[in-house]
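User: I am new to this structure. Please take a close look at one part, the place where the chains meet.

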Amino acid sequence: MSNSRRLEIAVGIFVAVGIAALLVLAVNVSNVGGLNSGNQYTVRANFDNISGLKTRSAVAIAGVTVGRVVSITVDPVTFEAVVEMTINSNFSEVPVDSSAGIYTAGLLGEKYIGIEPGGAPDFLEEGGVIRLTQSSIVLEKLISQFLFSQSNDDK
Amino acid sequence: MFDWFAQLGKNTIEFYARLGKEVLLFIQTILSFWAVILRPGLIIQQLYSIGVRSMLIIIVSGFFVGMVLGLQGYNTLVDFGAEESLGVIVALSLVRELGPVVTALLYAGRAGSALTAEIGLMKATEQLSGLEMMAVNPVERILAPRLLAGIISMPLLAAMFSAVGIFGGYLVGVDLLGVDEGSYWSQMQAKVDFDKDIVNGVIKSFVFGIVTTWIAVYEGYNCVPTSEGVSRATTRTVVYSALVVLGLDFLLTALML
């Protein structure tokens with residue numbers, strides 16, 4: 001009897017430690033329960049160029065992550081990139097005339113969408129569209145423009 | 001000329017016959033899970049010998065693998081001034097790859113070989129036939145509880161491996177090499193995704209649990225009932241498990257990435 005009881009206790013500890021390890025991985029290591037939980041709403045924005053932005057990239061207001069990019073598609077008519085993003089409902093009072101830009105965290109860091117709040121009295125809602133957008137800066141283009149302007153100056 | 005074809009045909013038929021027998025036995029074992037669930041004592045016993053007794057080797061190896069990852073990752077990252085990303089490297093490589101794979105390899109060596117030897121010896125000493133004589137189905141009594149215990153144990157062991165490894169990487173990175181503690185954890189939390197990375201690793205370890213335990217149990221059940229046969233079956237268990245785990249790991253990664 002005591003033998004089988006000891007067996008059960010050992011197995012109980014094993015299962016508990018295993019589940020605890022899974023919980024540690026879920027809560028402490030990954031970002032579950034942070035932004036993914038709770039209500040959120042979806043807005044769209046069209047960009048000329050999104051190079052480097054990926055689904056699950058961050059959406060930030062004043063540098064604070066408030067949402068994630070959900071999908072990136074190309075508009076078949078205008079050939080603009082259509083970016084869909086979810087924003088946490090805690091930040092539901094984003095004015096409709098806010099502008100969205102694609103920025104880089106640090107020189108080599110990841111691309112994210114930064115939202116600059118506007119001043120309109122109406123707020124973005126589910127399915128809303130951010131009209132004012134600023135495309136991602138393509139470093140190669142900048143460098144080539146710089147080089148061309150340099151060589152023109154030389155003449 | 002015809003001999004060659006005959007040999008080829010014979011080998012093919014034998015291969016498929018073996019495969020069919022194995023699949024049938026697998027289905028039979030899965031179907032007898034319900035009978036095992038009614039007798040949890042059997043599972044607890046197997047969980048003890050498969051899971052609990054593998055804990056020590058898994059935790060110690062996880063700790064050292066994490067510490068090595070911390071050292072190696074730091075030495076590479078410091079060249080780019082990106083040693084704050086150490087947590088991401090350690091956590092992602094453990095959760096996605098090393099946790100499930102190394103755990104499965106260690107598990108095959110520690111528990112799989114023991115399972116094969118145990119069942120093989122039962123067969124060699126005719127205990128399996130004895131069970132059948134007493135109208136006890138050896139698939140229900142011997143195979144099913146072991147397979148179920150293995151399937152339960154493997155994800156738990158892999159989770160322990162990863163968690164302890166991340167802690168080992170933390171010890172080396174933060175306490176020994178001076179990576180900032182806050183960025184170790186916060187970068188890790190920012191980059192490791194629950195749905196994509198952790199669930200991915202759990203699915204992997206679950207599949208590895210089924211495969212390695214099944215190979216061990218099947219090799220034992222199907223071995224030549226002599227001492228040499230048992231020793232060969234044990235070797236085959238470890239070799240096959242290692243090969244299948246590494247092959248499946250590539251497939252699963254390609255599918256889920």
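How many residues does the contact take from chain B, and how many from chain A?

Analyst: This is a predicted model. The contact takes 24 residues from chain B and 18 residues from chain A. Look at the chain B side. Its elements that give two or more residues are α3, α5, α7, α8 and α9 of chain B. The largest share comes from α7(B), with seven residues. By class, the side of chain B that touches chain A has 18 nonpolar, four polar and two charged residues.

Now turn to the largest nonpolar core, which has 74 residues. Those that touch the most other members are B:Leu47, B:Ala91, B:Met160 and B:Val217. Both chains supply this core. Chain A brings α1 (2-29). Chain B brings α3 (40-51), α4 (55-77), α5 (86-124), α7 (138-176), α8 (181-191), α9 (194-221) and α10 (227-256). Each of these helices supplies at least two residues. Again α7(B) stands out: it gives the most to this core, 20 residues.

Finally, α10(B). Its buried residues are B:Val230, B:Ala233, B:Thr234, B:Thr237, B:Val238, B:Ser241 and B:Val245. Among the elements that cover them are α5 and α9 of chain B.

How values were computed
Residues numbered from 1 in each chain as written. Chains lettered and ligands numbered in written order. Predicted model: local features only at pLDDT ≥ 70, side-chain atom pairs only at ≥ 80, totals over all residues. Core = buried A, V, L, I, M, F, W, Y, C linked by C-beta atoms within 7 Å. Buried ≥ 20, exposed ≤ 12 C-beta atoms within 10 Å, placed from the backbone. Helix = DSSP H or I, 4+ residues; strand = E, 2+ residues; numbered from the N terminus. Contact = placed C-beta atoms within 7 Å. Nonpolar A, V, L, I, M, F, W, Y, C, P; charged D, E, K, R; others polar.
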